[in-house]
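Try each task before you read its solution.

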Amino acid sequence: MGSDWVGLKYIMQFLTSPSSVKVIRNTFILGFYQLVFTFPIPIILAIALNECRRVRFKKFVQMITYAPYFISTVILVGILMQVTDMRTGIMNRIIGIFGIAPINFFGDKDMFRGLFVGSGIWQTMGYSAVIYIASLAGVSPELKEAAICDGASRMQRIRHVDIPAIFPTIVTMFIFNCGNIINIGFEKVYLMQNSVNLPKSELIATFVYKVGLSNGNYSFATAAGLFNSVVSFVLLVFVNQISKKLTDTSLF
């Protein structure tokens, strides 16, 4: 109400700054890795659990895969650091059996994306599989019985009965995931960051925090946050329109 309107000054400053370009690239690469590797796993898990006929084993697997979702992010990163520790970590002990030298996972910038995505799969696959399990529960038993009568194998029943039945759900979740491709959680990335992996772990979320709150450059950080929101919205609309044309399934 009295401040000078600077227009797109800080937006352009963010888009042209060398450090910002690196941050944007890191965010998109990590988001793409997360989408490619994290999205299919819950679908595979849900189908596998749906085909399991041993009720106790099925419930046990569901509990084991679902529980990590409720672990605090701070505790999760702490567990990850302990597991990958060079001296006492179980991962280095296992690879040591094969005569491989200990690996400093958190001390190698090229390991950051693998650790982030891998731990994310472990933490969220059980929770994400719940919606697919619910969709599979609604598949008509008559369809499966008809497929069995026609001589369809288990894999053929999965391919021609189960997957088509949950396909609208898969498309809907894919649209949501594409919209969030650059909305990677701040807390986990910030906790996993160190001076060594910073070239690949500095994302828009952590960049906004450091520039805006730590350095007090609120205008520049706001422009970075606005860019993040606008790109997410554009991606959501773009993927939704493509899905609407190709599959007749969309959010709006």
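**Exercise 1. Describe the order of secondary structure elements along the protein chain, then its overall build.**

Step 1. Read along the sequence, the pattern is α-α-α-α-α-α-α-α-α-α-α-α-α. That makes 13 helices and zero strands, where helices (H or I, at least four residues) and strands (E, at least two) are DSSP runs numbered from the N terminus.

Step 2. A note on the source: this is a predicted model, in which local features need pLDDT of at least 70 and side-chain atom pairs count only at pLDDT 80 or more, while totals for chains, interfaces and linings use all residues. Residues are numbered from 1 along each chain as its sequence is written, and side-chain values use heavy atoms, with hydrogens and water left out.

Step 3. Along the principal axes, the C-alpha atoms fill a box of roughly 75 × 55 × 30 Å. Of the 252 residues in the protein chain, 36% are buried; buried means under 20% relative accessible area, exposed over 50%, and partly exposed in between (1.4 Å probe, protein chains only).

Step 4. Now look at contacts, meaning heavy atoms within 4.5 Å. Among those with a separation of 6 or more, 69% join residues 24 or more positions apart.

**Exercise 2. Find the residues that touch the most other members of the largest nonpolar core, and say which elements build this core.**

Step 1. Start with the term: a nonpolar core is a set of buried Ala, Val, Leu, Ile, Met, Phe, Trp, Tyr and Cys residues joined through side-chain atoms within 4.5 Å. In soluble globular proteins, nonpolar side chains tend to be buried together.

Step 2. The largest core has 34 residues, and Phe-14 and Ile-43 touch the most other members. Two or more residues each come from α2 (18–38), α3 (40–51), α7 (112–137), α9 (154–179), α12 (204–214) and α13 (218–247). The largest share, seven residues, belongs to α9.

Step 3. Apart from this core lies another, of 14 residues, including Val-77, Leu-80, Phe-106 and Leu-203.

Step 4. Stay with Phe-14 for a moment. Neighbours within four places in sequence aside, Phe-14 contacts Ser-20, Ile-24, Phe-207, Phe-220, Ala-224 and Phe-227.

**Exercise 3. Classify the ring pairs Phe-14 with Phe-207 and Phe-39 with Phe-174.**

Step 1. Rings of Phe, Tyr and Trp (its six-membered ring) pair if their centres lie within 6.5 Å; planes under 30 degrees apart count as stacked, over 60 as edge-to-face and the rest as tilted. The whole structure holds 14 aromatic pairs.

Step 2. The Phe-14 and Phe-207 rings have centres 6.1 Å apart and planes at 45°, so this pair is tilted. Because Phe-14 lies in helix α1 (residues 9–16) and Phe-207 in helix α12, the pair ties together parts that are 193 residues apart in sequence. Both residues are buried.

Step 3. For Phe-39 and Phe-174, the ring centres are 5.5 Å apart and the planes are at 65°, so this pair is edge-to-face. Phe-39 sits in the loop between α2 and α3 and Phe-174 in helix α9, 135 residues apart. Phe-39 is buried at 12% relative accessible area, whereas Phe-174 is partly exposed at 34%.

Step 4. To finish, note that Phe-14, Phe-207, Phe-220 and Phe-227 form one aromatic cluster.

**Exercise 4. Compare the span of α7 with its expected span, and locate its bend.**

Step 1. The expected span of a helix is 1.5 Å times one less than its number of residues. With 26 residues, α7 reaches 37 Å from its first C-alpha to its last, close to the 38 Å expected.

Step 2. At Thr-124, α7 bends by about 50°, the bend being the angle between axes fitted to the seven residues ending there and the seven starting there.

**Exercise 5. Is Asp-162 buried or exposed, and what does Asp-162 contact?**

Step 1. Asp-162 is buried, because its relative accessible area is 0%.

Step 2. Beyond four places in sequence, its contacts are Asn-50, Glu-51, Leu-136, Val-139, Lys-144 and Arg-157.
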